[in-house]
Amino acid sequence: VARGDVIRGFAVSGTLPRLVTVTAGQVVSVAFEIACVATAITITTRVTGSDIQNEYQVALNDAPLARVGANGSVVVGRLTPGKYTIKLTSLGDNCSVASGNQITVDVGSGTTTPVLFEISCVPPIRLEKIAFAFDSTIDGLSQRFIRLINVDGSGAVTVARGDSPTWTTDGTRLVFSDAHCTRDFYYGYAYPNCTGGVTLIDPETRNVTVVSGGKAGFSPAWAPTNDLIAFLGCCDSGGQASSLLVVPVSGPPATPRPLRAIDAYHPAWSPDGQRIVFSCIVDPSNYDLCIINRDGTGLVRLTSDPAADTGPAWSKDGKRIAFSRQRTGSEIDLITLADSVVSRVTDGSAPAWSRDGKKLVFEGGDGLYTINVDGSNRIRLTSESHYAPAWRP
């Protein structure tokens, strides 16, 4: 009798095979004692300083392996003896590793080899940036990611998988959606099946926070009063996000509060955080702009033309709203709230205001552009299909 195919990293005590005598009418027991003989690596982080990154990605021989927390450890076992390269990735901009973020070790049979990364973090430098979304194909599947660039289009850095980035009021974090919904059909009825939701990331430290109550949330917008996040909940009859909801920024888990029973898209807050402008459907199949108070009262229909009005963005002084108007093509317009006068700025869509309120960044179809609000000085930033730009305040 023998125990075969022993998993690597374990050893069987005694001789193999075992010889036993079986007599008619008797049951003979044979015991195998199997002991764990670890051939492993223990990866530990020791982090000091301020604004530390909470979690790090570990790669073994360039293959993503596991995540390890700050001042934490992870054991990688069942290894074949030999040389291994351990690399710490997803390192925040404000943190550095004393010995470099890559260590090569020789792992012996039946031993656990320690690997220590000494990480030092300092307060991050937060430069003026533009965030936007772009598509990339991974393993044959198209996925959307969020990237940062400098205001001149240089220095592109990808920071997360997701869509619809906007900034917190202080510019320290991005709020975005990594939600994905499909529609499953049971007995003729369609049910949304959603993963992900509203998420926050500090692009310098890479710290991520999942917003409680933001499950299956799309197109989030952070209130300038720092207490609420408005977003869209899933789903309308076509499987698209459509319900305008708000949820507290912090505190115990909360149920999102609906603001109004009206199809809504692309919410954006007023500078004082008391109102929300959004693309609404009042008449069937026609997108207009609506404004609503933060408590769900005072709904005002701002536009009522046959064109599709989407992607509104409130100016820093609260006097104008930039938006996209779709006729035969897409153009960026400004509407003055005092008299509802609409003026054209340029061709494009999805406008967002600069931090000084003098420029707009927008989608140009073949890349991102900036332009002065008077329509002058149109400048290209990127040269591919990029979406939903957001200028850091």
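Student: What should I know about the model before we start?
Tutor: This is a predicted model, in which local features need pLDDT of at least 70 and side-chain atom pairs count only at pLDDT 80 or more, while totals for chains, interfaces and linings use all residues. Residues are numbered from 1 along each chain as its sequence is written, and side-chain values use heavy atoms, with hydrogens and water left out.

Student: How many residues are in the largest nonpolar core?
Tutor: That core has 23 residues, and those with the most contacts inside it are Ile41, Ile43, Ile86, Leu88, Phe117 and Ile119. A nonpolar core here is a set of buried Ala, Val, Leu, Ile, Met, Phe, Trp, Tyr and Cys residues joined through side-chain atoms within 4.5 Å. Buried means under 20% relative accessible area, exposed over 50%, and partly exposed in between, with a 1.4 Å probe and protein chains only.

Student: Which elements give two or more residues to this core?
Tutor: They are strands S3 (40–49), S4 (55–60), S5 (63–69), S6 (73–76), S7 (82–89), S8 (95–97), S9 (102–107) and S10 (112–121). S10 gives the most, with four residues. Helices (H or I, at least four residues) and strands (E, at least two) are DSSP runs, numbered from the N terminus.

Student: Where is the other core?
Tutor: Another core, of 18 residues, lies apart from it, and Leu228, Leu232, Ile281 and Cys290 are among its members. In soluble globular proteins, nonpolar side chains tend to be buried together.

Student: Back to S10. Is isoleucine 119 buried or exposed?
Tutor: Isoleucine 119, which is in strand S10, counts as buried because its relative accessibility is 2%. Leaving aside neighbours within four places in sequence, its contacts (heavy atoms within 4.5 Å) are Thr45, Arg46, Val47, Thr48, Tyr56, Leu88, Cys95, Ser96 and Val97.

Student: And what does phenylalanine 117 touch?
Tutor: With neighbours within four places in sequence again left out, phenylalanine 117 is in contact with residues including Ile43, Ile86, Leu88, Val97 and Ile103.

Student: New topic: how many aromatic pairs does the structure hold?
Tutor: The structure holds four aromatic pairs. The rings of phenylalanine 362 and tyrosine 369 are stacked, because their centres are 5.8 Å apart and their planes are at 15°. Rings of Phe, Tyr and Trp (its six-membered ring) pair if their centres lie within 6.5 Å; planes under 30 degrees apart count as stacked, over 60 as edge-to-face and the rest as tilted. Phenylalanine 362 and tyrosine 369 are both buried. Elsewhere, Phe132, Phe134 and Phe145 form one aromatic cluster.

Student: Which ring does arginine 147 lie over?
Tutor: Arginine 147 lies over the face of phenylalanine 134, at 3.8 Å from the ring centre. The charged end of arginine 144 sits over the ring of tyrosine 387, 4.2 Å from its centre. A charge sits over a ring if NZ of Lys or CZ of Arg is within 6 Å of the ring centre and within 35 degrees of the ring normal.

Student: What joins aspartate 305 and arginine 325?
Tutor: Their side chains are joined by a polar contact of 2.5 Å. A polar contact is a pair of N or O atoms within 3.5 Å; within protein, one must be able to donate a hydrogen and the other to accept it, and residues adjacent in sequence count only if both atoms are side-chain atoms. A polar side-chain atom of aspartate 305 also lies 3.0 Å from the backbone nitrogen of alanine 307. Aspartate 305 is in the loop between strand S27 (300–301) and S28, and is buried because its relative accessible area is 17%.

Student: Where does serine 315 lie?
Tutor: Serine 315 lies in the loop between strand S28 (308–314) and strand S29 (320–326). A polar atom of the serine 315 side chain lies 3.3 Å from the backbone nitrogen of lysine 319. Serine 315 is buried, at 2% relative accessibility.

Student: Lastly, what is the phi of aspartate 51?
Tutor: Phi of aspartate 51 is near 50°, a positive value in a residue other than glycine. Most residues other than glycine have a negative phi. Aspartate 51 is found in the loop between S3 and S4. Asparagine 226 also has a positive phi, of about 65°, and is found in the loop between strand S20 (217–222) and strand S21 (228–234).
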